[in-house]
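User: Hi, I'm new to reading protein models. Could you walk me through this one, question by question?

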Amino acid sequence: MNAHTPLQFGKKIGMGQAVTRTEDAQFITGAGRYTDDVKRDNALHAAVLRSPYAHAKFTIGDLDVARGMAGVHLVMTASDIEGHPGITCQAVQQQIDGTKHPVKDIPLLCADTVRHVGDAVAFVVAESIAQAQEAAEAIEVDYEMLDPAIDTEGALADDAPPVYEDRPNNIAFETEHGNSDKTAEIFANAPKVTELKLINNRLVCNYMEMRGCVAEWSDEEDRYTLTVGSQGVHGMRDAITPCLKVDKAQLRVITPDVGGGFGTKVFAYREYPLALLAAKALGRPVKWRCDRSEHFVADAHGRDNVVTMRMAMDENGRFLALDVDLIAAMGAYLHQFAPYIPTLGTTIATGVYDIPACRFHIRGVYTHTTPTDAYRGAGRPEAIYALERLVDQCARDMSMKPDEIRRLNAIPDSAFPYKTVFGRTYDTGEVTAHMDQCMKVADWDGFDTRAEESRKSGKLRGIGMSTYIEACAFAGSEPAKLELKDDGTVQLLIGTQSNGQGHKTAYAQFVAEALDLDMGSIEVRQGDTDELESGGGTGGSRSIPLGGVSVQRGSQALAEMIKEAAAEKLEASVGDLELSEGSVRIVGTDRKLTFADVAAATSETLKATGEFKQAEATYPNGTHICEVEVDEATGETQVVKYTIVDDFGATVNPILLAGQVHGGVVQSIGQCIMEETVYDDDGQLISASFMDYRMPRAEDIPDFHFETRNVPSTTNALGIKGAGEAGTIGATPCVMNAIVDAVYRSHGIEHVDMPVTPQSMWQLMSQAAKKAA
Amino acid sequence: MDKVAINLTVNGRNRQALVPPRMLLSDFIRHELELPGTHVGCEHGVCGSCNVLVDGKAVRSCLMFAVQTDGARIGTIEGMGADGSLHPIQEAFWEEHGLQCGFCTPGMLVAATELLAEKPDPSEEEIREAISGNLCRCTGYEFIIKAIRSAAQKLREGNGAAQTESA
Ligand code: FES
Ligand code: FES
């Protein structure tokens with residue numbers, strides 16, 4: 001800890017307190033250790049030869065040249081690893097006809113066909129990265145180019161080139177959710193129907209730390225060790241062992257500090273088993289590191305949906321039924337969780353509205369592009385984006401205000417717990433109260449004055465809102481193991497994995513409170529399969545709602561054990577003891593034992609496990625309101641004001657919470673106004689660097705006003721609803737609704753797709769102006 | 001190609017090395033000097049993760065060759081602060097939650113150091129501009145900006161001796 005910080009104990013740093021992070025001491029001094037910082041004596045370096053084409057048959061010619069080059073130890077192609085299965089999809093869905101769809105695995109190396117730019121052809125290991133790269137380039141590959149299917153919707157056409165011969169129309173799977181008969185019936189008689197078709201643009205994750213790994217084999221231990229940035233070592237291990245054809249005991253996975261994950265680092269990628277196989281073959285550690293342009297083609301992408309939605313309404317704008325037709329690009333293979341991502345959207349497809357009928361139809365489609373998978377929010381941002389855009393369109397069609405139509409259709413407070421068409425139960429929420437508060441804080445009513453001001457500088461101003469809900473911390477548990485160490489400190493082992501969120505701090509707060517310890521006496525350990533046999537990892541905003549409660553319970557159990565052990569020593573009854581500042585004391589006296597004394601007095605180490613099992617998801621919700629300015633001359637769009645009122649149930653640490661929300665919102669602002677993943681017709685990824693793929697920077701971002709208006713969850717033992725993804729979920733529709741509002745007011749434009757680049761905006765406005773003339 | 005001898009000051013310490021002419025400064029710092037606190041996020045000069053101070057100026061170490069720093073004074077994150085105590089800018093990042101995963105942080109701290117050496121009382125606009133060459137995927141920037149504002153105040157108030165020179 002910081003030398004100036006006096007020790008603080010218990011409640012002062014417990015749940016709800018804005019405690020600064022224990023993690024930071026190392027990060028601000030350059031002492032963080034990420035995968036690429038891990039050194040091994042004698043390590044070799046690997047490079048991947050990747051396909052320059054989106055779709056091609058190929059044969060590999062002479063390998064001797066590459067194999068004979070200076071420093072080269074291994075050139076591996078598909079034929080060298082025959083029999084090693086690829087990385088398999090773990091999220092097979094039940095289709096409309098009741099069947100499970102077939103799965104196209106990701107081969108570790110392609111044998112004769114490449115299916116996206118960046119697909120892997122060979123794996124080369126040499127003394128240095130440069131030598132490995134040079135040798136990879138020296139491999140002769142004879143490509144016979146084939147037509148690719150690139151466009152998400154276009155890939156469904158009868159004449160689209162097939163990604164797989166046995167998947168007609170490139171359909172990977174087709175599912176349907178909700179009550180389709182009832183929905184059809186309502187639509188047949190609906191007085192009003194509003195329809196909207198949207199594109200949810202493909203995103204590249206772009207965590208600042210690129211992926212990499214250090215692979216090792218030990219003859220003595222007869223097992224592999226993989227050091228890798230992940231979102232959970234256990235899931236990583238379990239996904240990789242089949243590729244290696246070993247059992248779980250033969251792969252240890254270690255995750256050091258991780259420079260951002262956002263869902264995309266959950267997954268096993270082919271380079272990991274390849275590096276492990278190479279390490280075993282060569283008897284030396286093998287290190288691989290992705291570079292940024294490789295990241296653009298080799299790591300799972302996010303989003304990429306085409307969605308057509310229809311809302312049936314009565315004459316007053318009351319929602320009667322919702323119909324969603326979603327085409328979700330899977331890319332060239334079915335990535336680890338990919339089919340589950342659009343499916344996850346159905347958990348919240350009707351949002352915060354009381355809609356009695358909904359059909360949700362999903363087609364997953366193969367294209368010759370990088371596979372897609374979870375990216376912050378995973379299916380839920382897509383669902384809420386589409387819905388909240390549609391709701392605004394409904395308001396325009398009905399000549400209602402955005403808040404008016406939401407007020408009319410929101411689930412009333414009295415209807416909670418509310419069961420959705422999809423069988424989910426929202427436990428608590430106060431939808432319109434959040435909206436009202438957010439409108440007040442955002443000064444919604446004062447918008448016209450601000451718009452007038454903007455007008456004077458040639459800017460079109462718009463205001464938009466989204467009232468979102470999301471599902472997270474899905475049913476499950478995350479056991480927490482606590483141990484009193486000899487020196488009186490407490491160690492916590494848990495199977496979630498921080499990628500920067502600050503879990504170590506948040507968990508330690510629970511421990512500190514239950515044991516009246518200071519943060520410095522608590523060690524939180526994560527990221528090693530040898531230390532903990534199982535764990536659920538981090539994803540779906542589950543770590544704090546599930547892990548936090550487990551940690552609290554484990555800490556309370558350990559507190560009892562400490563008291564019991566001390567009671568004997570102090571010859572007092574447990575009821576007379578209290579824990580105080582790292583000691584256990586007889587209340588009202590100064591007779592006490594330090595935790596270290598207690599540890600010394602017990603013959604066996606004191607250990608406690610806390611495990612909280614949650615039966616349903618939790619449902620964070622809230623309102624985002626933002627204002628944008630569109631420069632009429634340049635088409636440039638800027639988000640200028642942003643207000644968030646969230647219901648996270650209960651707050652563990654307000655400063656960490658705000659950080660999560662800010663980060664999520666900014667990722668969404670990126671998606672809305674700059675991040676553009678462009679494939680040309682040949683399937684070349686045109687935007688494969690930070691030069692071409694515009695990322696949000698400090699000057700693109702407004703100041704945020706963020707506050708909570710928590711309504712505790714009744715599903716979660718501590719009332720916590722989860723917060724890691726909420727920012728992303730609320731923000732895209734909010735920003736886009738504001739943008740549409742701006743150009744609807746000025747040009748009558750009702751539809752704008754993401755991302756709104758200056759060029760696309762300028763074109764929209766000039767087309768509208770032409771039409772009006 | 002023959003290696004080139006260079007002589008430079010790194011975090012206040014004299015260092016001598018023989019480097020290949022094409023070795024990037026970022027690789028030199030990370031691998032030869034074994035100072036892995038300087039991070040590489042793009043190697044294209046676009047993300048600012050690899051920022052270090054060269055003669056007091058924030059420089060992208062992935063865009064420079066190690067040989068170009070012959071005779072220069074280099075400051076990396078490891079040299080920030082003095083005698084085990086934190087530099088006020090580091091303190092401010094900690095207090096204001098100016099980091100999450102920490103990967104962009106060394107580069108941000110360097111950018112902030114340069115800014116505050118030139119402008120002790122920067123406006124919010126100036127702060128935004130100064131760190132707009134640095135990408136952060138986690139924080140949404142707001143708390144980084146707040147941290148730099150707070151650091152500026154600390155430095156102006158002389159709260160903790162400024163160590164901008166050695167860093
Ligand atoms: S690594 Fe140097 S600017 Fe990105
Ligand atoms: S804190 Fe993770 S990239 Fe900035």
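User: In chain B, what share of the contacts with a separation of 6 or more comes from residues 24 or more positions apart?

Analyst: Two residues are in contact if their C-beta atoms, placed from the backbone, lie within 7 Å. Quick heads-up: this is a predicted model, where local features need pLDDT of at least 70, side-chain atom pairs count only at pLDDT 80 or more, and totals for chains, interfaces and linings use all residues. Residues are numbered from 1 along each chain as its sequence is written, while chains are lettered from A and ligands numbered from 1 in the order in which they are written. For chain B, the share of those contacts made by residues 24 or more positions apart is 63%.

User: Which order do the elements of chain B follow from the N terminus on?

Analyst: Helices (H or I, at least four residues) and strands (E, at least two) are DSSP runs, numbered from the N terminus. Chain B has five helices and five strands. Read from the N terminus on, they go β-β-α-β-β-β-α-α-α-α.

User: What is the radius of gyration of chain B?

Analyst: This value is taken over C-alpha atoms, and the globule rule is 2.2 Å times the number of residues to the power 0.38. For 167 residues that rule gives 15 Å, and chain B comes close to it, so chain B is as compact as a globular protein of that length; its radius of gyration is 15 Å.

User: How much of chain B counts as buried?

Analyst: A residue is buried if 20 or more other C-beta atoms lie within 10 Å of its own, exposed if 12 or fewer, and partly exposed in between, with C-beta atoms placed from the backbone. The C-alpha trace of chain B spans about 50 × 30 × 25 Å along its principal axes. Of its 167 residues, the buried share is 56%.

User: Which element gives the most to the side of chain A that touches chain B?

Analyst: Here 43 residues of chain A are in contact with 43 residues of chain B. On the chain A side, α1 (24–27) and α16 (654–673) each supply at least two residues. With seven residues, the element that gives the most is α16(A).

User: Are α5(A) and α6(A) parallel or oblique to each other?

Analyst: The axes of α5 (residues 233–244) and α6 (residues 271–282) of chain A come within 10 Å and cross at roughly 50°. Axes are lines fitted to C-alpha atoms, for helices over the stretch in contact, and angles run from 0 to 180 degrees between N-to-C directions. Angles under 35 degrees count as roughly parallel, over 145 as roughly antiparallel, 65 to 115 as roughly perpendicular and the rest as oblique. That makes α5(A), relative to α6(A), oblique.

User: Is A:Ala378 buried or exposed?

Analyst: A:Ala378 sits in the loop between β15 (357–366) and α9 (380–397) of chain A. Its phi is near 45°, a positive value in a residue other than glycine. There are 27 other C-beta atoms within 10 Å, so A:Ala378 is buried.
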